[in-house]
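Welcome, and thanks for taking a look at this one. Here is a short briefing to read alongside the coordinates.

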Amino acid sequence: MSGAPTLMHRRLKPSPFLPDLAEIVRKDHLTSTETLYQLRLADGSELGHTPGQFVELSVFGVGEAPLSISSSPTRGEAFEVCIRRVGDVTGSLERLGLGAQIGVRGPFGRGFPLDEMRGQDVLIIAGGLGIVPLRSLIVNLLDERGDFGDITVLYGTKDPSFLLFKDEITRWEARDDVDLRITVDLAEPSWKGSVGPVTTLFRRLTIDPKRTVPVMVGPPVMFKHVVKQVLACGIPEDRIILSLERRMKCGIGECGHCQINGVYVCQDGPVFTYAELKRLEEAML
Amino acid sequence: MIDRVIQKAHLTEFLDHLAGERVVAAPVADGPLTRFRRIHSAAEIAAHYLPTALPPSKYLLPTKEVLLRYRYDHGVSAEAQFDTQEMIAFGVRPCDLHALALLDAIFIDDKHDGHYMARRQHVVLVGIECLSPCDDHCFCESMETLEVHTAYDLLLTDLGEAYYVRIGSAAGKELLKGVDSMREAVYEDRTRLRKAHEARYAAFTPRLETDLSQLPDLLADSSDSLLWDVLGEKCLSCGACTNVCPTCYCFDVKDEVDLGLSSGERYRAWDSCQLEEFAMVGTGESFRQPRNMRVKHRFNRKGRYILERYGMQGCVGCGRCARNCLVGIDPVEVFNQLKGQPVERQERQVMR
Ligand SMILES: Cc1cc2nc3c(=O)[nH]c(=O)nc-3n(C[C@H](O)[C@H](O)[C@H](O)COP(=O)(O)OP(=O)(O)OC[C@H]3O[C@@H](n4cnc5c(N)ncnc54)[C@H](O)[C@@H]3O)c2cc1C
Ligand code: SF4
Ligand code: SF4
Ligand code: FES
């Protein structure tokens, strides 16, 4: 994968920790624990991100958290994040109403190599919350549909109640220029779809290893299995794309929390090729 | 710039005067330790001392540093905070100057971190060369940090009755204007300086058994060494080593709310890769939980990762970590043991 890490800041500021202000313009509860927030920067400017990048979002008086950008840059000035409530920052966001002001730093990190996907088949594999950054990519691909070959999306969650972006998924399912397949680990008998880990969706899938770019985001255990699967298809290591989560406190390569051996996930990633990571013991792949 | 020579008595007078007018910090004896502290007269400065308990670089990255202050009662307003207190740091050793040069490369050249820059721009560094080793723990000679050509504004070398003074910056030159009596260094002075430098190499015996340029490869090849398991069993994960290290700079970022609940601050505070929570994420997964991996990470940062990223040594050989480790883990010994017994394992197993 080519390219230096993208621009650290939209504007050079005296303090890399000084956030821009943004307003919550929309809030949609997607599941019992996940909420989609639409945000607009106070100065009306665009975030200027690429799919796969993240922001440091802050609630004043509570703290900051790294969050993937879930909307596509093709969709105008507001941007979206989809947040699972797990602790202080993510919990307090839930209590903020429309119009509330929060802080945004970023976008940070290296996103998905969109240009290297042009003209290629794209195979997207999402596990759980991994669909959040991948939604940004999927919408971008669909908005520039003519630039890409076959688009396949494999999406696995714990059970049907954890499925995110249900309305959009229904719309994607209706299209014949994207092949969407969903599976859940556990389901009631009423569930009509596939049951099993996301790798079960590889069955009856035709993959041309010479022109397929697999892109995966999910929990660590998913990577192990899916990487094995796509390698077995004959896809070269430097064309396998994955995005990793690590603890992050600064987003700019200073605080040390996100390090995988000598690599900083916040700056050098979060998107990597498998070739870049496979020798790093701490990547846990 | 032309070097100078100052008689010791004149330097003392100058420091007395300076400390009365400006903020001067210098190594001061504090029980068995030495600490960088504000002085009011030259007499307070410790004559012979081990490296200060905390390195001067920690002044530039304090335990708690406020980054922002904000209000959120009527809308939100946030303002970055910068510390612009002027200070003259006197008596900074070469190892610590190297550490400061590294932090400058990271926080200024690479990150443009205004908080670090503000402090740094207001500190004048007066270094002092080491002509004999501090104790058995220091190994600056092995890390090639005994000689120093960067970071200082002034650098003093003890020539007996006088100091040889090298000027490293305009700020250093400016400071010297306050010295009443000094002269320009001449050929004889430079000869004495060179002799002092040559003589010190007899006192500093090399401690590292690997060629320094081979250290990164040695560490890369030792990923599976059993030594990490041995050290993992020994280490208490107390974080003392990272707290005292002049090149450790990892931090946490937190918020604190004022009593009125309508304003607060965001600050950064020291953190340590030796603590278990350091690499833990939301799902409760810790990506460097086993202790042997944490120890391995620290030594790889010191001997490999920092060098690979910033082109400068990540360990300056000050020996502080070894001096402070309750169980006697010493970086030179670790590097030498890796060199002596490259223990390979068939299968990697991690300790839990
Ligand atoms: C690049 C990146 C993208 C992410 N994208 C999303 C996303 O799109 N949606 C989403 O819901 N979550 C995402 N996360 C996870 C999210 O950052 C954490 O859930 C959040 O930081 C927890 O903050 P908190 O204050 O609510 O929890 P806390 O009260 O701080 O702690 C709760 C738990 O979260 C862990 N934690 C604390 N800080 C961090 C941190 N900085 N990074 C990871 N874990 C942490 C703690 O170990 C603890 O177990 C992403 C993380 C990264 C690194
Ligand atoms: S000081 Fe010693 S015991 Fe404590 S964390 Fe460092 S190496 Fe381990
Ligand atoms: S690792 Fe130890 S010897 Fe090296 S710079 Fe840090 S404290 Fe000094
Ligand atoms: S998040 Fe701080 S170094 Fe990556």
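At 6% relative accessibility, B:Phe287 counts as buried; buried means under 20% relative accessible area, exposed means over 50%, and partly exposed lies in between, with a 1.4 Å probe and protein chains only. This is a predicted model, in which local features need pLDDT of at least 70, side-chain atom pairs count only at pLDDT 80 or more, and totals for chains, interfaces and linings use all residues. Residues are numbered from 1 along each chain as its sequence is written, chains are lettered from A and ligands numbered from 1 in the order in which they are written, and side-chain values use heavy atoms, with hydrogens and water left out.

**Around B:Phe287**
- B:Phe287 sits in the loop between strand 12 (263–270) and helix 11 (291–310) of chain B; helices (H or I, at least four residues) and strands (E, at least two) are DSSP runs, numbered from the N terminus.
- Not counting residues up to four places away in sequence, B:Phe287 touches A:Pro220, A:Glu245, A:Arg246, A:Met284, B:Ala279, B:Val281 and B:Met293, where contact means heavy atoms within 4.5 Å.
- The C-alpha atoms of B:Phe287 and B:Glu277 are 9.3 Å apart, and the two are ten residues apart along the chain.

**Nonpolar cores**
- The largest nonpolar core holds 66 residues, and A:Leu123, A:Ile125, A:Leu154, A:Phe202, A:Met216, B:Leu97 and B:Tyr249 touch the most other members; such a core is a set of buried Ala, Val, Leu, Ile, Met, Phe, Trp, Tyr and Cys residues joined through side-chain atoms within 4.5 Å.
- Helix 3 (residues 94–110) of chain B gives this core its largest share, seven residues.
- A second, separate core of 33 residues includes A:Leu114, A:Phe148, A:Leu164 and A:Val217.
- Leaving aside neighbours within four places in sequence, the contacts of A:Ile125 include A:Leu134, A:Val198, A:Pro214 and A:Met222.

**Strand 3 of chain A**
- Six of the six residues of strand 3 (residues 54–59) of chain A are buried, so this strand is largely enclosed by the rest of the structure.
- A:Phe54, A:Glu56 and A:Ser58 point one way from the strand, while A:Val55, A:Leu57 and A:Val59 point the other way.
- Strand 3 runs antiparallel to strand 4 (residues 63–68) of chain A, joined by six bridges; strands pair if DSSP finds at least two bridges between them.
- These two strands of chain A form a hairpin with three residues between them, and A:Gly61 in the turn has a positive phi of about 95°.
- Strand 3 of chain A also pairs with strand 6 (residues 101–108) of chain A, in the antiparallel sense over four bridges, and there A:Arg105 is the bridge partner of A:Glu56.

**Helix 4 of chain A**
- A:Glu168, A:Ile169 and A:Trp172 are the buried residues of helix 4 (residues 166–174) of chain A.
- Seen down the axis of helix 4 of chain A, these residues fall within an arc of 100°, so they line one face of the helix; the arc is that of the directions from the helix axis to the C-beta atoms.
- The face turned away from the buried side carries the exposed residues A:Asp167, A:Arg171 and A:Ala174.

**The open sheet of chain B**
- Eight strands of chain B form an open sheet in the order 3-2-6-7-8-9-1-10, with mixed pairing.
- Strand 3 (33–39) and strand 10 (183–184) of chain B stand at the edges with a single partner strand each, so one side of each is left without a neighbour in the sheet.
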